[in-house]
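The sequence and the model are shown first.

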Amino acid sequence: MNITRENREGQVSVIKVTVGEADYKEAVDKKLREYRRKANVPGFRPGMVPMSLINKMYRKGVVAETAYKTASDAVFEYIDKEKIDYVGDVLPSDEQGAFDFDNNTEHEFVFEIGLAPEMEIDLSDKDKLTRYKIKVSDEMRSGFRSNFLRRYGRLVDVEEVTSDEAITGKLDNGEITVEEGYVGLISLGEEARKPFIGKKVGDEMIVNVNEIYPNASQRASVLGVKESELESVKPEFKLTIKQIRKFAEPELTEEFFKMAFQDGSVTDEKGFEARIDQLLEADLNREADYVFATEVRNFLLEKINPTMPEEFLKRWLFTINEGKFSKEEIEKEFPAFLKMMKWNFIQKKIGDKYGVKVEQDDMLNEAKAYAAAQFAQYGMTNIDDETLTKYAHSILGNKEEANRVLDRVYEKKIVEAITPLVKISNKSVTPEELGKIFDKMTK
């Protein structure tokens with residue numbers, strides 16, 4: 001067997017493997033003997049088919065398959081031995097010539113690999129980054145507090161519509177009558193709410209069900225018809241208001257604290273306000289950390305800007321997807337893919353240089369934090385550690401979810417690794433300002 005390698009333009013290496021009969025004969029003969037044992041040929045008992053007939057029937061195909069596998073295995077062994085860093089996978093080269101398995105015993109296989117970029121990580125306090133901190137306004141605190149209390153509130157009857165009340169009333173268009181139609185103003189936009197403002201119980205008004213129930217399945221359910229029948233329904237209905245209810249926050253009583261904070265961590269109004277500040281700050285810090293991680297990623301991509309074997313990667317993507325995507329589709333999505341590939345290699349380089357490792361405890365803690373955030377969306381802010389651990393293990397038991405957790409943890413550790421190496425200035429911004437900054441980062 002003979003292996004040669006030649007570097008080409010565009011960060012591509014062509015590897016040629018010449019395989020001789022001595023390299024594959026033993027494996028071919030073994031496979032043919034297996035074929036003979038299993039062959040079912042008319043006129044011969046199983047296992048008694050002449051070897052000459054087996055050779056005639058199968059040898060060419062077996063030689064082709066075995067010679068290719070021998071060459072392919074040799075390529076990977078060669079790459080490993082030579083410590084060649086490559087991207088994507090090994091591909092058959094367009095330079096591959098024709099094979100003659102009938103007459104030749106020596107065969108040349110030609111492969112290509114895309115070479116990974118060479119990078120230098122050289123960071124100092126001359127490299128400047130900004131970490132943003134969100135200013136907490138009274139309006140933000142009030143909104144966060146109201147959203148928290150809303151999870152434990154109730155609806156109470158009121159006399160008049162003022163903003164986002166829930167209305168129950170009779171809907172009638174002359175053909176369809178709904179005695180207990182529900183209209184939740186909180187789900188409507190400001191313009192759609194305007195006609196309802198000031199209305200009282202007993203008032204009548206014309207509404208368009210396509211506007212107050214924009215979701216077709218909801219509209220069909222309220223009107224008691226099938227979705228396929230909606231087109232024939234006259235959308236203008238007379239609404240006779242029977243009841244107007246408004247959300248009321250719970251009173252900050254001992255009973256509320258026991259219900260909302262079952263671990264006993266909050267027992268009075270002072271403690272509640274402190275917890276609200278704590279939860280709000282944690283939310284804002286997560287948002288700011290995400291923006292900072294994005295800034296770090298953009299900074300490193302621009303500073304290091306590793307070159308990639310782009311044309312090879314496009315061909316690799318087309319090959320591995322086996323026709324699922326056209327070359328035009330791959331071309332369109334390639335910039336985003338290329339950015340991701342560059343970032344992966346930068347992370348790997350930094351990780352290797354600074355000894356970044358992700359331990360199992362890191363994965364578990366991240367999964368627990370993710371689970372806690374999911375519970376918090378439903379107002380469950382005091383989940384015990386045992387329950388969080390259980391859900392975290394469930395998340396990590398899913399390979400796809402576990403990979404996402406791994407990516408998040410690894411990126412966090414990369415950010416932590418480079419933070420002491422550069423100069424970071426802190427800046428306070430409003431949520432709106434941070435949103436504009438982030439939008440600019442992600443364009």
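The side chains of D29 and R59 make a polar contact at 3.5 Å, a polar contact being a pair of N or O atoms within 3.5 Å in which, within protein, one must be able to donate a hydrogen and the other to accept it, and residues adjacent in sequence count only if both atoms are side-chain atoms. The model is predicted, so local features need pLDDT of at least 70 and side-chain atom pairs count only at pLDDT 80 or more, whereas totals for chains, interfaces and linings use all residues. Residues are numbered from 1 along each chain as its sequence is written, and side-chain values use heavy atoms, with hydrogens and water left out.

D29 lies in helix α1, residues 21-38; helices (H or I, at least four residues) and strands (E, at least two) are DSSP runs, numbered from the N terminus. Along the chain D29 and R59 are 30 residues apart, and their C-alpha atoms are separated by 8.7 Å. D29 counts as buried because its relative accessibility is 19%; buried means under 20% relative accessible area, exposed over 50%, and partly exposed in between, with a 1.4 Å probe and protein chains only.

M1 is found in the segment before β1 (2-8). With a relative accessible area of 49%, M1 is partly exposed. Beyond neighbours within four places in sequence, M1 is in contact with V17, T18, D23, T70 and A74, where contact means heavy atoms within 4.5 Å. M1 and E21 are 20 residues apart in sequence, and their C-alpha atoms are 9.2 Å apart in space.

An unreviewed UniProt entry places the feature "domain: Trigger factor ribosome-binding bacterial" at residues 1-140. UniProt positions follow the numbering used here, feature names are shortened, and annotations may be inferred rather than shown by experiment. Over residues 1-140 the chain is 38% helix and 27% strand, and the end C-alpha atoms are 71 Å apart.

**Positive phi angles**

Most residues other than glycine have a negative phi. Q11, in the loop between β1 and β2 (12-19), has a positive phi near 60 degrees. Its relative accessible area is 21%, so Q11 is partly exposed. N305 lies in the loop between α8 and α9 and has a positive phi of about 40 degrees although N305 is not a glycine. At 45% relative accessibility, N305 counts as partly exposed.

**Nonpolar cores**

The largest nonpolar core has 35 residues, and those with the most contacts inside it are L300, L313 and I346. Such a core is a set of buried Ala, Val, Leu, Ile, Met, Phe, Trp, Tyr and Cys residues joined through side-chain atoms within 4.5 Å. Two or more residues come from each of β3 (86-92), α8 (269-304), α9 (310-320), α10 (327-354) and α13 (399-418). Helix α10 gives the most, with nine residues. Not counting residues up to four places away in sequence, L313 touches V87, G88, M308, F334, F337, L338 and M341. Another core, of 25 residues, lies apart from this one and includes Y24, L32, V90 and I113.

Q347 is also placed in helix α10. Its relative accessible area of 7% is the reason why Q347 counts as buried. Leaving aside neighbours within four places in sequence, Q347 is in contact with Y410, E411 and I414.

**Aromatic rings**

The structure holds 17 aromatic pairs. Rings of Phe, Tyr and Trp (its six-membered ring) pair if their centres lie within 6.5 Å; planes under 30 degrees apart count as stacked, over 60 as edge-to-face and the rest as tilted. Two of the pairs are tabulated.

| Pair | Centre to centre | Angle between planes | Class |
|---|---|---|---|
| F257 and F272 | 6.4 Å | 50 degrees | tilted |
| F375 and Y391 | 4.9 Å | 85 degrees | edge-to-face |

F375 counts as buried at 12% relative accessibility, whereas Y391 is partly exposed at 41%. Ring pairs also link F148, Y152, F256, F257, F261 and F272 into a cluster.

The charged end of R131 sits over the ring of F292, 4.0 Å from its centre, and that of R150 sits over the ring of F247, 4.5 Å from its centre. A charge sits over a ring if NZ of Lys or CZ of Arg is within 6 Å of the ring centre and within 35 degrees of the ring normal.
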